[in-house]
Amino acid sequence: MSAYRTIVVGTDGSDTSLAAVDRAAAVAADSGAELVIVCAYSPAGRDDTASAEDALKDEAYLVVGWTPAEETLRTAEERAVAAGARTIRTVAADGNPVEVLRAAAEDAKADLLVVGNRGLNTLSGRILGSVPSDVARRSGVDVLIVHTT
């Protein structure tokens with residue numbers, strides 16, 4: 001089997017998802033692969049952000065629209081560069097994390113999808129499903145679940 005050429009990794013900005021970014025970046029660095037860092041988001045409604053906007057005033061853009069996802073991607077990209085990844089692309093997409101990751105992997109023609117293990121060993125994860133388990137079941141590419149907890 002040849003080395004991976006395109007690796008997709010999901011992040012929500014949590015410490016565990018950033019650990020998955022670190023691992024994906026290291027694999028990308030070792031194999032010379034392109035790294036695609038993906039963040040799924042759901043835009044908050046006006047009712048959800050009104051009090052935060054009032055408190056932040058001139059910096060209200062930080063809680064509105066896709067800005068939080070972009071900030072998450074900026075942080076993840078910095079970590080990926082530090083881990084040695086050379087070719088990096090970022091994607092912020094509105095939607096369910098599993099569907100966003102699957103679509104990103106398909107669009108990028110990825111041969112590896114990387115996620116953290118958060119949620120795999122929780123009761124709700126076992127009953128309702130978790131991003132790592134759903135991605136592993138529904139993805140058409142190799143999946144690396146990084147032990148982060």
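Predicted model: local features only at pLDDT ≥ 70, side-chain atom pairs only at ≥ 80, totals over all residues.
Begin by selecting the strands, five of which form an open sheet in the order β3-β2-β1-β4-β5, with parallel pairing. Strands of a sheet pair through backbone hydrogen bonds, either parallel or antiparallel. Colour β3 (87-94) and β5 (142-146) separately, for these two stand at the edges and have a single partner strand each, so one side of each is left without a neighbour in the sheet. If you then look along the sheet, the twist from one strand to the next averages 20 degrees.

Next, keep β4 and β5 on display, two strands that run parallel and are joined by five bridges. Within this pair, select V115 and you will find it opposite I145 of β5.

Helix α3 lies across β2 and β3, and its direction is at about 155 degrees to that of β2. Helix α4, residues 97-108, also packs on the sheet, where it touches β1, β2, β3 and β4 and makes an angle of about 165 degrees with the direction of β1.

With these elements in place, turn to the side chains and select I7, V9, L35, I37, A80 and V114, which have the most contacts inside the largest nonpolar core, a set of 22 residues. Two or more residues of this core come from each of β1, α1, β2 (34-41), α3 (67-82) and β4 (112-116), and α1 gives the most, with six residues. Apart from this core lies another one, of 13 residues, among them V38, V98, A110 and V115; V115 is the residue that you have already seen opposite I145.

Once its neighbours within four places in sequence are set aside, T6 is in contact with A33, E34, V36, A108, K109, A110, D111 and L112.

Finish at T16, a residue of helix α1, which covers residues 15-31. Its relative accessible area is 15%, so T16 is also buried. Show the side chains of T16 and S14 together, and you can trace the polar contact of 3.2 Å that joins them.

Technical notes. Residues numbered from 1 in each chain as written. Heavy atoms only, no water. Contact = heavy atoms within 4.5 Å. Helix = DSSP H or I, 4+ residues; strand = E, 2+ residues; numbered from the N terminus. Buried < 20%, exposed > 50% of the residue type's maximum accessible area, 1.4 Å probe, protein only. Polar contact = N/O pair within 3.5 Å; in protein donor to acceptor, adjacent residues only side chain to side chain. Core = buried A, V, L, I, M, F, W, Y, C linked by side-chain atoms within 4.5 Å. Pairing = 2+ DSSP bridges. Axes fitted to C-alpha atoms, helices over the stretch in contact; angles between N-to-C directions.
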